[in-house]
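This report covers fold, ring contacts and core packing. Please look at the sequence and the model first.

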Amino acid sequence: MSPETGRIAWHVITAELHTGMLTLAFASTIIRLIGVWVTADRPVWRGLVRLAEPTAYLAGVGGLLALIASIVTGFTYTWPAEVLLTSSVVLNKIAITAFSTTFWLLFLVTRTVYGPRLWDHACLRWAYAALVAGGFLTLMLAGSTGGHLAGKRSMLDGILHALGVNTHLLFTLSTAAAYTILIASVSLLAAAAIRRLIWGRGQARRAT
């Protein structure tokens, strides 16, 4: 195996790893959300709901780290940067991936700030569920686009096709639109970091 092939293999590994872990985070969050209303007395169901919440958080942490690694290996181990940044389809994938990263980061920031008690507040748990749903949807779209760019199917294509989404008809964004989405994503990340900093200082003041 040539060094180039080995480097591309690392991108494939990180891509499949973050897809699997973030899918687990999404499924676990949905199970926990259903557990708010379905309070069956069966020990198996109660145990599943109880484990779903920390599983979603841990899988989200691992999946986000793998997603970041996938972004890095994608930029450095696939095509030259001048090719990546001049292809409208690749720019489209970058924008979708940026959105997905933002959703998952906000998902983890929300859980880190509020902890498991977020499930006791209706608005918080719905916002939490919306973040994980947005992260999973953009993850499917980015994975499908990346799979077609590599000349193969994404492991999530079956779900998209079941929902009536034809992943073979890739849509493209203009360069201006792609960069606008990237800037918006960075702005959301900055806002989340500032919110976390302000909340932390407020907690410290109340503690003193």
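Which residue lies over the face of Tyr57? Arg111 does, at 4.5 Å from the ring centre.

**Model and fold**

The model is predicted. Mean pLDDT for the protein is 77, and 65% of the residues reach 70 or more. Helix 2 (residues 43–77) has the highest mean pLDDT, 87. Helix 3 (residues 81–84) has the lowest, 61. Where pLDDT is low, the predicted coordinates should not be read in detail.

The protein has seven helices and zero strands. From the N terminus on, the order of elements is therefore α-α-α-α-α-α-α. Of the 208 residues in the protein, 38% are buried. Among contacts with a separation of 6 or more, 73% are between residues 24 or more positions apart.

**Aromatic pairs**

How many aromatic pairs does the count give? The count comes to five. Two of them are set out here.

| Pair | Centre distance | Plane angle | Geometry |
|---|---|---|---|
| Phe26 and Phe136 | 4.2 Å | 5 degrees | stacked |
| Trp104 and Phe107 | 5.5 Å | 85 degrees | edge-to-face |

Phe26 and Phe136 count as stacked because their planes are at 5 degrees, and the cut-off for stacking is under 30 degrees. This pair links distant parts of the chain. Phe136 is buried, at 7% relative accessible area.

Why is the pair of Trp104 and Phe107 edge-to-face? Their planes are at 85 degrees, and over 60 degrees counts as edge-to-face. Here the partners are local. Both sit in helix 4 (residues 88–114), three residues apart, so about one helical turn separates them. Trp104 is buried, with a relative accessibility of 0%. Phe107 is buried too, with a relative accessible area of 0%. Ring pairs also join these two with Trp119 and Tyr128 into a cluster.

**The nonpolar core**

Which residues touch the most other members of the largest nonpolar core? Trp104 and Phe107 do, in a core of 21 residues. Helix 1, helix 2, helix 4 and helix 5 are the elements that give two or more residues to this core. Helix 5 gives the most, with eight residues. In soluble globular proteins, nonpolar side chains tend to be buried together.

Leaving out residues up to four places away in sequence, Trp104 touches Leu22, Ala25, Phe26, Leu64, Val132, Gly135, Phe136 and Leu139. Both members of the stacked pair, Phe26 and Phe136, are thus among the residues that Trp104 touches.

**A buried threonine**

Is Thr14 buried or exposed? Thr14 is buried, because its relative accessible area is 10% and the cut-off is under 20%. Thr14 lies in helix 1. Its side chain makes a polar contact of 3.3 Å with the side chain of Thr73. Residues up to four places away in sequence aside, Thr14 touches Ala66, Ala69, Ser70 and Thr73.

**Summary**

Two sites stand out for a closer look. At one, Trp104 and Phe107 touch the most other members of the largest nonpolar core and pair edge-to-face. At the other, Thr14 and Thr73 are joined by a side-chain polar contact.

Technical notes
Residues numbered from 1 in each chain as written. Predicted model: local features only at pLDDT ≥ 70, side-chain atom pairs only at ≥ 80, totals over all residues. Heavy atoms only, no water. Phe/Tyr/Trp six-rings, centres within 6.5 Å; stacked < 30°, edge-to-face > 60°. Helix = DSSP H or I, 4+ residues; strand = E, 2+ residues; numbered from the N terminus. Buried < 20%, exposed > 50% of the residue type's maximum accessible area, 1.4 Å probe, protein only. Lys NZ or Arg CZ within 6 Å of the ring centre and 35° of its normal. pLDDT = per-residue confidence, 0-100. Core = buried A, V, L, I, M, F, W, Y, C linked by side-chain atoms within 4.5 Å. Contact = heavy atoms within 4.5 Å. Polar contact = N/O pair within 3.5 Å; in protein donor to acceptor, adjacent residues only side chain to side chain.
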